[in-house]
Amino acid sequence: MARWLLPFDAMDPKDPEKTWKTGITQDLYRKIQRQGHEARLARIELIEEVLSRDGVKRIYGGWSRPDKDDCFVYVGRPDRDHRSLTTHVPPPPNMVFLVFVLGGGTIDEWNWRPAQSGTLEPDGVHGELLWPETRS
Amino acid sequence: MARNSKLTDFLKANPPAKQFVPYTHLNQEADVLTVYFEGDADYSERLNDHVTLYRSIDTNEVVGCRIKGIADLIDDLPNYLRVSHDGTELSVVFLAFRGQVDANGRQAMNDLARTALEKNMVLQSTI
């Protein structure tokens with residue numbers, strides 16, 4: 001069986017010209033599907049954009065807790081939110097869309113998060129900013 | 001941006017069940033427990049190192065949470081209470097993290113525990 005039910009190519013934080021393989025497991029997708037969580041399922045469509053070179057605005061390394069230094073948080077600002085498979089609305093104001101990726105590529109979580117005023121910096125994400133690089 | 005019709009087709013071919021049912025999801029690799037009481041479109045609010053709240057975008061009510069660093073707690077639970085074959089009452093998990101938050105956070109943890117009790121939610125002991 002394939003490692004992921006839904007694979008995605010994500011921009012490589014170390015080399016923006018390259019991608020690496022990420023994805024959502026069958027176990028997680030089927031759970032969301034079985035439980036009838038349509039909003040969460042519909043937002044999977046936003047993941048693809050936020051992981052892409054064109055859609056990602058920031059990438060943080062580490063999840064601010066022990067043994068999770070090899071994980072990533074991708075930050076984007078899609079031009080819409082998906083409330084269901086058929087209901088698409090403008091994005092929530094002053095929020096960014098986060099995709100949490102484990103070191104091996106498994107996507108563990110995706111959701112909107114308030115951003116610090118006038119920026120794309122999500123509240124409560126304390127990992128190391130890997131991209132864009134801030135070195136001059 | 002161009003949309004991936006293949007992904008859209010997959011989602012439409014594998015749609016969610018018609019009715020939302022509250023659920024928990026344990027991810028051993030991430031060491032995370034995800035809980036949803038309601039199926040509202042939500043956003044996340046980080047409470048502290050261990051707890052992130054999910055709030056409804058429309059009402060701002062707490063509709064779920066994400067508990068990080070859950071494995072040690074689950075390992076230790078049998079020392080403190082009987083874990084039946086059905087699992088452990090989810091509200092106990094929130095009690096364990098109640099002491100790590102400020103007054104506002106404590107209210108949120110109490111709300112989570114009360115809702116877990118009302119909905120009879122159980123944490124399966126396998127992680």
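Where does Ile32(A) lie? Select Ile32(A): its place is in helix H1 of chain A. Helices here are DSSP runs of H or I with at least four residues, strands are DSSP runs of E with at least two, and both are numbered from the N terminus.

Before going on, note that this is a predicted model, in which local features need pLDDT of at least 70, side-chain atom pairs count only at pLDDT 80 or more, and totals for chains, interfaces and linings use all residues. Residues are numbered from 1 along each chain as its sequence is written, and chains are lettered from A and ligands numbered from 1 in the order in which they are written. The model has ipTM 0.93 and pTM 0.92.

**Stop 1: around Ile32(A)**

Keep Ile32(A) selected. Ile32(A) is buried, with 22 other C-beta atoms within 10 Å. The cut-offs are these: a residue is buried with 20 or more other C-beta atoms within 10 Å of its own, exposed with 12 or fewer, and partly exposed in between, the C-beta atoms being placed from the backbone. Setting aside residues up to four places away in sequence, Ile32(A) touches His37(A), Arg40(A), Leu41(A) and, from the other chain, Pro16(B). Two residues are in contact if their C-beta atoms, placed from the backbone, lie within 7 Å.

**Stop 2: where the chains meet**

Now show both chains. Chain A gives 34 residues to the contact, and chain B gives 34 residues. On the side of chain A that touches chain B, the elements giving two or more residues are helix H1 (26-34), helix H2 (38-42), helix H3 (44-51) and strand E8 (107-114) of chain A. The residues of that side of chain A are eleven nonpolar, nine polar and 14 charged. In this division Ala, Val, Leu, Ile, Met, Phe, Trp, Tyr, Cys and Pro count as nonpolar, Asp, Glu, Lys and Arg as charged, and the others, Gly among them, as polar.

Select H3(A) next. Seven of the eight residues of H3(A) are buried, so this helix is largely enclosed by the rest of the structure. The buried ones are Ile44(A), Leu46(A), Ile47(A), Glu48(A), Glu49(A), Val50(A) and Leu51(A).

**Stop 3: the whole of chain A**

Zoom out to chain A, which has three helices and nine strands. Along the sequence they follow the pattern β-β-α-α-α-β-β-β-β-β-β-β. The radius of gyration of chain A is 15 Å, close to the 14 Å that the globule rule gives for 136 residues, so chain A is as compact as a globular protein of that length. That radius is taken over C-alpha atoms, and the rule is 2.2 Å times the number of residues to the power 0.38. Of the 136 residues of chain A, 42% count as buried.

Two places in chain A deserve a click. Asn94(A) lies in the loop between strand E6 (88-89) and strand E7 (95-101) of chain A, and its phi is near 60°, a positive value in a residue other than glycine. Then select Trp131(A) and Pro132(A), which are joined by a cis peptide bond with omega about -5°. Pro132(A) is in the segment after strand E9 (128-131) of chain A.

**Stop 4: chain B and its helix H4**

Switch to chain B, which has four helices and seven strands. Its average pLDDT is 88, and 94% of the residues score at least 70; pLDDT is the predictor's confidence in each residue, from 0 to 100.

Select helix H4 (residues 103-118) of chain B. Which residues of H4(B) are buried? They are Ala108(B), Met109(B), Leu112(B), Thr115(B) and Ala116(B). Seen down the axis of H4(B), its buried residues fall within an arc of 130°, so they line one face of the helix. The arc is that of the directions from the helix axis to the C-beta atoms. Their cover includes strand E4 (51-56), strand E5 (62-68) and helix H3 (91-98) of chain B. On the face turned away from the buried side, find the exposed residues Ala103(B), Gln107(B), Arg114(B) and Glu118(B). Just after H4(B), Asn120(B) takes a positive phi of about 55°.

**Stop 5: two loops of chain B**

Select His50(B), in the loop between strand E3 (42-46) and E4 of chain B. His50(B) counts as partly exposed, with 18 C-beta neighbours inside 10 Å. Leaving aside neighbours within four places in sequence, His50(B) is in contact with Ile67(B), Lys68(B), Gly69(B), Phe97(B) and Gln100(B).

End at Asp31(B), in the loop between strand E1 (23-27) and strand E2 (32-36) of chain B. Asp31(B) counts as buried, with 21 C-beta neighbours inside 10 Å, and its phi is near 55°.
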